[in-house]
Amino acid sequence: ALYIIGLLALAPFTERPVTFYIKNFNYSTPWEFCKWVKRRIAHRRTWLLHYTDEDTRFCRRILNELLDFGLLEKRDKGWQVSHALIYVYVRSKIPLNRIFLKGLAQFYIAFAQEQSTAGRKGYVRLDGERVHCLRLIRACLDGELWEEVKGLADAIWEYLDRQGHWADQLTALDMRLTAARKAGDRDDERYCLGALGYTYRRRREDDKGLDYYQQSLTICRELGDRQNEGITLNNMAAIYDDLGKYEQALEQYHQSLSIKREVGDREGEGTTLNNIGRLYRAQGDNEKALQYYEQCLPIWRERGYKIGEGTTLNNIAAIYDAQDKPSKAMEYYKQSLAISRELGDRAGEAESCWNLGLTYIGMGDLAQAEEHITQAVELSEQIGHPLLEEWRDGLERVRAKRQGA
């Protein structure tokens with residue numbers, strides 16, 4: 001039990017991973033145990049995560065013994081090492097066992113995937129395990145378990161992205177990139193570089209994002225990977241668009257659109273159509289922008305891609321707002337907000353709340369405006385949104401207007 005705790009982060013932990021090991025530690029050799037884990041994962045991954053009451057009681061007896069020895073402390077619904085030196089001792093005196101580390105990594109991959117599938121409720125459970133997942137990625141990297149590094153980083157990707165934990169996402173991606181390069185996996189290296197570009201763009205660090213996308217594009221062309229070449233060109237164009245380099249952006253968008261239609265990438269086609277619409281919107285050509293948005297919205301619905309649908313609804317609403325059609329704009333903003341909340345996309349939820357707040361200001365309803373902008377600020381504080389200060393200023397202005405009124 002102490003060895004398992006030593007593989008986790010120096011932070012409160014639940015009894016789940018300890019129960020997993022104690023329940024299944026009945027094989028004569030570590031290799032037999034590892035083969036058993038692989039078989040269970042192959043047939044029914046979530047079976048690994050569920051235990052009987054007897055399993056849980058037995059695990060608690062063991063953890064209570066460590067509590068009696070003064071090695072653990074109770075923390076809310078979990079446990080924690082009572083002193084950092086105990087944690088250091090365990091990690092330094094018990095040699096790294098790659099087989100059991102591999103099994104623990106597979107447990108966390110299964111757990112993260114199950115909770116991500118559960119959406120917002122699952123994200124709450126993952127909040128307490130985030131530091132342990134990151135610690136395990138580091139341990140697997142040190143143990144040269146390249147597939148486990150990749151699997152763990154992939155399993156927590158959606159959760160980290162939607163909940164706005166972008167600093168942790170960058171940490172996980174950096175470790176995955178190191179593993180891909182050490183393993184000589186050029187395709188995964190290409191993926192990591194593109195994902196780093198995406199995450200830096202989410203943080204509004206466009207120069208870094210563009211640099212990583214360019215590295216990813218070079219590998220796409222080296223591998224002859226047309227589909228991902230089209231995706232990367234689209235992503236680079238979006239940054240040029242953000243920087244106001246519209247001609248360069250439009251050229252790359254059309255290259256991307258051509259490739260995506262060539263390879264039959266419908267989701268990718270929808271993304272590029274949406275982005276071209278966004279470009280025309282930035283240039284003030286709302287009618288042309290609306291044409292592109294209305295082409296991509298049916299693609300999102302056909303593919304069941306809710307994140308894309310929410311983004312495009314938000315973009316259509318912005319056009320109606322600009323055309324002084326606030327009721328129409330609000331209809332689309334509310335649809336976008338509902339999707340963000342359904343998916344647990346806090347960044348998208350914050351942006352929709354902000355946009356709704358601005359629309360209410362235009363309609364003269366300052367009470368509703370303050371309510372929605374307050375929600376946007378509170379969410380952006382939780383995730384460290386790059387527009388937080390701008391939104392705080394907007395909230396102060398609304399409050400000042402209400403007091404003046």
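**Entry 1**

I looked up Ile 316 and, leaving aside its neighbours within four places in sequence, found it in contact (heavy atoms within 4.5 Å) with Leu 290, Tyr 293, Leu 297 and Tyr 332. The model is predicted, so I note that local features need pLDDT of at least 70, that side-chain atom pairs count only at pLDDT 80 or more, and that totals for chains, interfaces and linings use all residues. Residues are numbered from 1 along each chain as its sequence is written, and side-chain values use heavy atoms, with hydrogens and water left out.

I then turned to the largest nonpolar core, which has 51 residues; Tyr 253 and Ile 316 touch the most other members. Helix α17 (residues 286-303) supplies the largest share of this core, 8 residues. A second, separate core holds 46 residues, among them Ile 5, Tyr 108, Ile 109 and Leu 134. A nonpolar core here is a set of buried Ala, Val, Leu, Ile, Met, Phe, Trp, Tyr and Cys residues joined through side-chain atoms within 4.5 Å. Buried means under 20% relative accessible area, exposed over 50%, and partly exposed in between (1.4 Å probe, protein chains only).

**Entry 1. The chain as a whole**

I recorded 22 helices and 2 strands in the protein chain. Helices (H or I, at least four residues) and strands (E, at least two) are DSSP runs, numbered from the N terminus. The C-alpha trace spans about 70 × 60 × 35 Å along its principal axes. Of the 405 residues, 51% count as buried. Among contacts between residues at least 6 apart in sequence, 61% join residues at least 24 apart.

I checked the confidence as pLDDT, the predictor's confidence in each residue, from 0 to 100. The chain averages 90, and 93% of the residues score at least 70. Confidence is lowest in helix α3 (residues 30-44), at a mean of 56, and highest in α11, at 98. Where pLDDT is low, the predicted coordinates should not be read in detail.

**Entry 2. Cavity and pocket**

How many cavities of 30 Å³ or more does a search of the whole structure find? The search finds 1. I noted the rules: on a 1 Å grid over the protein atoms alone, a cavity is a set of points where a 1.4 Å probe fits but cannot get out, and a pocket is an open set with protein on both sides within 12 Å along at least five of seven lines; lining residues have an atom within 4 Å of a point. Grid points are joined across faces, edges and corners, and a volume is the space filled by probe spheres set on the points.

The largest cavity has a volume of about 40 Å³. I listed its lining as Ala 153, Ile 156, Trp 157, Leu 160, Gln 169, Ala 172 and Leu 173. The elements giving two or more residues to this lining are α10 (157-162) and α11 (166-183), and α11 gives the most, with 3 residues. By class, the lining has 6 nonpolar residues, 1 polar and no charged. Ala, Val, Leu, Ile, Met, Phe, Trp, Tyr, Cys and Pro count as nonpolar, Asp, Glu, Lys and Arg as charged, and the others, Gly among them, as polar.

I also examined the second largest pocket, which holds about 240 Å³ of space. Its lining comprises 13 residues, of which Phe 13, Thr 14, Lys 77, Gly 78 and Gly 128 lie nearest its centre. That lining divides into 4 nonpolar, 3 polar and 6 charged residues.

I located Leu 7 in helix α1 (residues 2-7). Leu 7 counts as buried because its relative accessibility is 6%. The C-alpha atoms of Leu 7 and Ala 139 are 7.2 Å apart, although 132 residues separate them along the chain.

I found Thr 359 in helix α20 (residues 346-363). Thr 359 has 2% relative accessibility and therefore counts as buried. Beyond residues up to four places away in sequence, Thr 359 touches Asp 321, Pro 326, Met 330 and Tyr 333.

From Glu 147 to Arg 98 I noted 12 Å, C-alpha to C-alpha, and 49 residues in sequence.

Most residues other than glycine have a negative phi. Glu 144, not a glycine, has a positive phi of about 60°. Glu 144 is found in the loop between α8 (130-142) and α9 and is exposed, with a relative accessible area of 52%. Arg 204, also not a glycine, has a positive phi of about 65°. I placed Arg 204 in the loop between α12 (186-202) and α13 (206-223); with a relative accessible area of 43%, Arg 204 is partly exposed.
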